[in-house]
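Here are my notes on the sheet, to read alongside the model.

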Amino acid sequence: MKAKATLKQIAKELNVSVSTVSKALNDSPEISEQTKIRIKEYAKLKNYKPNVIGLNLKNRKTKTIGVIIPNILNSFFAKVFSGIEKVADKKGYNVIMCISNESIEKEAHTLEMLSNGTIDGFILSISEEAQKLEDYNHFKHTIVDGTPIVMFDRTTDEVECDKVIVDDFDSGLNATQHLIDLGCKNIAMFSSIDNLSVGKLRADGYFKALKDNNITVNENIIVRTDTELDLKEQIEEVYSNNLVDGVFALDENDSVAALKIGVKKGYKIPKDLKIIGFADGILASRRLSPSLTTVSQHGVEIGEVAAKLLIKRLESEEEEESPYETLVIRTKLKERESTGRV
């Protein structure tokens, strides 16, 4: 698919203002015939087609934001959505939520369906399948066609847009270091999100902490899979065949599995086994026994910041687009019973 050129791109290539390009394409008498011809010929060469929605985006707002999340059952995404809705409501915007179910096809279809004038812009987290395939063309086409996107949590450097992320690498480093400071020598790492950008960054933090403390990597106690079923089977094997005194789990489901299977295998937590996981739902803090020490991602704050970024861009009256921003939300370690000193 050949991407359409934008007014901004044409202006940059021809070294004129966006306003000049727009006026030339609309036969404004303010522009000389020679300049009109040059701009029109270049626009045709670059596949430019006026978009009734995109051309007047700032003047024809629907006051609606599209939100695409990968998984509605994940408490983190639910919290992010609540943050988005809070800001959107305050600013007078409606919100349409769609779920990609980790499918790139559904993700692309949703972008195409809603960017026909139904919404003003998108806030989204990339599907697992898109990250696994490293295919981000559907995002690029949406942006080129004039619909802005703000990505959160799962992002990619291949798409230029506003982004809101957490400090995944530092979180992995600090969580593992905390286990080391508590006296753990054999720290397992469990991940069912190895396809995802956030999973890779958290794992990198784990490895850096081991290196900084001169701890040899033990591949026998590292589990990196793409499915929760595989993860549970491999966690059972790790606990059965290895001496483990600490666990860093990279996702909420991984964290819960690490604790439940550890208890099932007879570990006394935290005396024999200390666990830290990425999770901040009710399950981790109130319904598990012992309660789970977690890395809190501040989902509500991420949603609020993402919504503010998008609305700021939608309501900007500047002729030239402002530079894209990447904002980092710092995580916080919430200590509970699974790492309590004994």
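1. Start at Val 247, which stands opposite Ile 275 in β9. The chain crosses from β8 to β9 through helix α12 (residues 252-264), and this β-α-β crossover is right-handed; that is, with the strands pointing away from the viewer, the path from the first strand over the helix to the second runs clockwise. β8 and β9 run parallel and are joined by 4 bridges.

2. A word on the basis: this is a predicted model, where local features need pLDDT of at least 70, side-chain atom pairs count only at pLDDT 80 or more, and totals for chains, interfaces and linings use all residues. Residues are numbered from 1 along each chain as its sequence is written, and side-chain values use heavy atoms, with hydrogens and water left out.

3. Helices (H or I, at least four residues) and strands (E, at least two) are DSSP runs, numbered from the N terminus. Two strands pair if DSSP finds at least two bridges between them.

4. On its β6 side, β8 pairs in the parallel sense over 4 bridges, and Val 247 is the bridge partner of Ala 188. Gly 246 and Phe 248 point one way from β8, Val 247 and Ala 249 the other way, and all are buried (under 20% relative accessible area, with exposed over 50% and partly exposed in between; 1.4 Å probe, protein chains only).

5. The open sheet has 6 strands in the order β7-β6-β8-β9-β10-β12, with mixed pairing. β7 (222-224) and β12 (332-334) stand at the edges with a single partner strand each, so one side of each lacks a neighbour in the sheet.
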